[in-house]
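Dear colleague,

Please find below the sequence and the structure that I am handing over to you. My notes on what was found follow directly after them.

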Amino acid sequence: MQGAKVVRPFPFFRAGARASQPQLAKPILVLEEVYKFFRPDQPTLRDVNLKVERGEFAFVTGPSGAGKSTLLKLIYRELMVDEGRVLFCGRDIARLTDKSIPFLRRNLGIVFQEFRIIDHWTVFENIAIALEILSMPQRLIRSRVAEALERVGLNGRGDEQTSNLSGGEKQRVAVARAIVPEPALILADEPTGNLDPHLAIDILTLFEEINSTGTTVLFATHDHSLISKRDHRLIAIDEGRVIEAQQGLKHWPGSGIHTLVG
Ligand SMILES: Nc1ncnc2c1ncn2[C@@H]1O[C@H](COP(=O)(O)OP(=O)(O)OP(=O)(O)O)[C@@H](O)[C@H]1O
Ligand SMILES: [Mg+2]
């Protein structure tokens, strides 16, 4: 394949096999004593300590308003922590300079509940944008987008108008856009929230396939039925604090989980 000969920038930070040995040994994400306040008297997140290893798949859960989206926003720098630190690939993301923002864009893929794709663009254009902002050459963009389309089950559908796709297909386009730069970490914020239950399982399975190739996935959802089908690590937010189970709902300590997930 032609694309394989191109030396990609920053291979040091890439997912899976392309990461260097010292990089692989470090957790991909560390939150240290993180606080986020929207009201001075009541932190939305308080003293959050979290370590995510490279290659993990974890659900982030908790009831509506618990702070799931806030937690993810602190990781992708939509919001800044008020106290504490977020380390991504060993780097404090609050201290990234403007010059380092491509590092985040390249290494973090984000998928939202409402897809956030551009309806009047083609499928190809919606995915290619993630590489165009990294100034990748067109020839390489074409081969990388084709590869991403295949991975999400939309092989050969790049020329279609996005507005004609079903909800599940639109979310696959959004997933393709997130994975096409081959990020080390994918953040998904209620990615199945707008989909029927059987499509929700399809999309969850798609994220699991992506995870199986070495990409770390944080999947925020309050969908109890989805969480209960899998044994993934569970990171729950309860009154601003993070409580965890390493192997999913079955292993949840105590009986309070039903108040935490819908
Ligand atoms: N920009 C903001 N300004 C003020 N308050 C905010 C802001 N963003 C979030 N909040 C508040 O922080 C709390 C957590 O919100 P967040 O959106 O993180 O919850 P969530 O767990 O993602 O909920 P949902 O399941 O409904 O998506 C809520 O009380 C919300 O009102
Ligand atoms: Mg949310």
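Helices (H or I, at least four residues) and strands (E, at least two) are DSSP runs, numbered from the N terminus. By that rule, P102 belongs to helix α3 (residues 101-107). The model is a predicted one, in which local features need pLDDT of at least 70 and side-chain atom pairs count only at pLDDT 80 or more, while totals for chains, interfaces and linings use all residues. Residues are numbered from 1 along each chain as its sequence is written, and chains are lettered from A and ligands numbered from 1 in the order in which they are written.

Burial is judged from C-beta atoms placed from the backbone: a residue is buried if 20 or more others lie within 10 Å of its own, exposed if 12 or fewer, and partly exposed in between. P102 counts as partly exposed because it has 16 C-beta neighbours inside 10 Å.

Two strands are taken to pair if DSSP finds at least two bridges between them. An open sheet of 6 strands shows mixed pairing and the order β6-β7-β8-β3-β9-β10. Its edges are β6 (108-112) and β10 (241-245); each has a single partner strand, so one side of each is left without a neighbour in the sheet. On average, neighbouring strands of this sheet are turned by 20° against each other, direction ignored. Axes here are lines fitted to C-alpha atoms, for helices over the stretch in contact, and angles run from 0 to 180 degrees between N-to-C directions.

Within the sheet, β7 (residues 185-189) and β8 (residues 216-220) are parallel and share 5 bridges, with L187 opposite L218 in β8. Helix α6 (residues 167-179) packs on the sheet and touches β6 and β7, its direction making about 165° with that of β6. Contact means that the C-beta atoms of two residues, placed from the backbone, lie within 7 Å.

The core and its surroundings

A nonpolar core is a set of buried Ala, Val, Leu, Ile, Met, Phe, Trp, Tyr and Cys residues joined through C-beta atoms within 7 Å. The largest such core has 68 residues, and I127, A176, I186, L187, A188 and L218 have the most contacts inside it. Beyond four places in sequence, the contacts of I186 include G109, V111, A178 and V217.

I203 lies in helix α7 (residues 197-212) and is buried, with 23 other C-beta atoms within 10 Å. Residues up to four places away aside, I203 touches G168, Q171, P191, T192 and L195.

The antiparallel strands

β1 and β2 (residues 42-52) are antiparallel over 7 bridges and form a hairpin with 2 residues between them. K36 stands opposite L45 in β2. β1 (residues 29-39) is also joined to β4 (residues 83-88), in the antiparallel sense, by 5 bridges; here E32 faces R85 and L29 has F88 as its bridge partner. In the hairpin of β4 and β5, with 2 residues between the strands, C89 takes a positive phi near 50°.

The ligand

With kind regards
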